Amino acid sequence: MPRDEAVAVLEPVMGADAGWYVDAVLGGFAEHPREATPVVEELAGRPGTTFAAWAVAHVDAFR
């Protein structure tokens, strides 16, 4: 989703903070993805995954 579209979607609930959120938070995830850690497996009993891998595995749920 383009930045301006994401800001427009979030503005009704976030107001003026929508632009900052898209740039600082969502932009940071794309530039610096987080690796899964063993803590998730210890707590959940199954391996952790990245958000990108989860999204690919569940894309049909959002169609």
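Guide: What follows is an account of the salt bridges, with the chain around them as background. This is a predicted model, in which local features need pLDDT of at least 70 and side-chain atom pairs count only at pLDDT 80 or more, while totals for chains, interfaces and linings use all residues. Residues are numbered from 1 along each chain as its sequence is written, and side-chain values use heavy atoms, with hydrogens and water left out.

The chain has four helices and zero strands, where helices (H or I, at least four residues) and strands (E, at least two) are DSSP runs numbered from the N terminus. The radius of gyration of the chain is 15 Å, well over the 11 Å that the globule rule gives for 63 residues, so the chain is more spread out than a compact globule. That radius is taken over C-alpha atoms, and the globule rule is 2.2 Å times the number of residues to the power 0.38.

Charged side chains come next. The chain carries 4 positive and 10 negative ones, with Lys and Arg counted as positive, Asp and Glu as negative, and His and the chain ends not counted. The structure holds three salt bridges; a salt bridge is a side-chain nitrogen of Lys or Arg within 4 Å of a carboxyl oxygen of Asp or Glu.

Two of the bridges involve Arg 3. Arg 3 meets Asp 4 at 3.4 Å, N to O. Between Arg 3 and Asp 23, the closest N and O atoms are 2.7 Å apart. Asp 23 lies in helix α2 (residues 17–31) and Arg 3 in helix α1 (residues 3–14), so this pair ties together parts that are 20 residues apart in sequence.

Arg 3 is partly exposed at 40%, and Asp 23 is partly exposed at 43%. Asp 4, at 57%, counts as exposed.

The remaining bridge joins Arg 63 and Asp 60, with the closest N and O atoms 3.2 Å apart. Arg 63 is exposed, with a relative accessible area of 75%, and Asp 60 is exposed as well, at 60%. As background for these values, buried residues make up 13% of the 63 residues in the chain.

Note on methods. Buried means under 20% relative accessible area, exposed over 50%, partly exposed in between (1.4 Å probe, protein chains only). The place of a charge is taken as NZ of Lys, CZ of Arg, CG of Asp or CD of Glu.
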